[in-house]
Amino acid sequence: MSQTSFDAIVVGGGPAGATAAAVLAEKGRRVVVLEREKFPRYHIGESLMPYCYFPLERLGLAEKMKESHFPKKYSVQFVNTMGKLSQPFYFFQHFDHAASTTWQVVRSEFDQMILDKARSNGAEIREETNVRELIWDNGAVVGVRTDKGEFHAPITIDATGRDALAVTRNGWKVRDPYLNKIAIWTYYKGAARDAGLDEGATTVAYLPERGWFWYIPLPDNIISVGIVAEKDYLYRDTRDLAEIFAREIEANPWIKEHLAPGEQFGKYWVTGEYSYRSQHCAADGLILAGDAFAFLDPVFSSGVFLALRTGELAAEAADAALAAGDFTAAQFAPYGEQVCEGIEAMRKLVYAFYDDAFSFKEFLMANPTLKGDLTDCLIGNLTHDFGPLFGALKDFAKLPTPLSHGAPLLTPQLTER
């Protein structure tokens, strides 16, 4: 094989791409990761779900995470618009496993760790390599064109995050009809942290109009804090991000009190169009993973988990295709079904969260036997049967109809003449 010919190409070195590359390389596949930036690099999405533990364990990184300086996250807690704090939602009360302790991570360090694992497993990592387009031949992806030449492989995994190479080039992005929020965020040094087990908790603090703050403790006495809400609500009287942030801090007493001793530093960031899914999860010679396939509103911190999990599953699908010598889109239908089913489960809970008439507390008071099912969905146990949960939940919240798109792009196969 030439220096530009591989078993698999992975576009993007974030958690989805690096996980896929690490798994494929461990299986003995010759894989290259093409990453536009030079790591380490900044990224948002710092709070891990408990079930992130299992892909990390498979990668051999769980022990390294336990020894890291990342704050341990034992729970999620909620604060109402009056500033009243809920009882923390401790993961270990439901799940007696090492995974019940998760982490708040600095993504530049966390992502570097996974990319380094892919490298140590034998993947070739080429940073500062910008992939400009996919190479199609007779309806199949057979490689990519970059600013440094062409690379060829029978299978390409698109893990380009929200830039979403294949989705953007092919017009496959379908925005969620309801989850059209934007986020504004920044960082504070020296802001307050709760005591004991709650020191590393993720706090979700409500705003009017079903908006919310995230409050995430990071290493070095830093807090990541952001607002997610409708664009019209946040931009109602100004587009100055600092002014919007200062105004909204006044809207929740808990946030105001916790940020008071701290000092904001760095820039204010903004992003929009939060939730979307590609029309297709795969095509001939192509698999989409992580945000390059779909992104879900971040209220339950699902982003990194879905990246790790889809990276792992995409690698398994690619390895099976290589073993079979079959790179047609139909080969990746089981991958798409599994990923879409998991996303749909979490999507239902996100819709419930934003329903003005819904209360998780009232739902569980009426359905105490379903607390375990609800917890399984919130921590990422997406292989669980959630039929009973959503059968009951539909009487308390307006749940979405499952999206029909996300299957592979099936094309008629040419017959030999």
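**Close-up views of a predicted model**

**View 1. Helices α9 and α10 pack against each other.** Helix α9 (residues 303-324) and helix α10 (residues 333-354) meet at an angle of about 165 degrees, and their axes lie 10 Å apart. Axes are lines fitted to C-alpha atoms, for helices over the stretch in contact, and angles run from 0 to 180 degrees between N-to-C directions. Helices (H or I, at least four residues) and strands (E, at least two) are DSSP runs, numbered from the N terminus. The pair α9 and α10 is therefore roughly antiparallel. Angles under 35 degrees count as roughly parallel, over 145 as roughly antiparallel, 65 to 115 as roughly perpendicular and the rest as oblique. From α9, the contact uses Leu306, Arg309, Thr310, Leu313, Ala314 and Ala317; from α10, Tyr335, Gln338, Val339 and Ile343. Contact means heavy atoms within 4.5 Å. By class, the contact of α9 with α10 has seven nonpolar, two polar and one charged residues. Ala, Val, Leu, Ile, Met, Phe, Trp, Tyr, Cys and Pro count as nonpolar, Asp, Glu, Lys and Arg as charged, and the others, Gly among them, as polar.

This is a predicted model: local features need pLDDT of at least 70, side-chain atom pairs count only at pLDDT 80 or more, and totals for chains, interfaces and linings use all residues. Residues are numbered from 1 along each chain as its sequence is written, and side-chain values use heavy atoms, with hydrogens and water left out.

**View 2. Helices α1 and α4 pack together.** Here α1 (residues 15-26) and α4 (residues 107-121) pack at about 20 degrees, with axes 7 Å apart. They are therefore roughly parallel to each other. On the α1 side are Pro15, Ala18, Thr19, Ala21, Ala22, Ala25 and Glu26. They meet Arg107, Phe110, Asp111, Ile114, Leu115, Lys117, Ala118 and Asn121 in α4. The contact of α1 with α4 divides into nine nonpolar, two polar and four charged residues.

**View 3. Strand β2 pairs with β1.** Strand β1 (residues 8-11) pairs with β2 in the parallel sense, over four bridges. Two strands pair if DSSP finds at least two bridges between them. Val10 stands opposite Val33 in β2. Strand β2 covers residues 31-34. Val31 and Val33 point one way, Val32 and Leu34 the other, and all are buried. Buried means under 20% relative accessible area, exposed over 50%, partly exposed in between (1.4 Å probe, protein chains only).

**View 4. Thr101 sits in a loop.** The loop runs between β5 (89-90) and β6 (102-103). Thr101 has 19% relative accessibility, so it counts as buried. Leaving aside neighbours within four places in sequence, Thr101 is in contact with Lys72, Lys73 and Tyr74.
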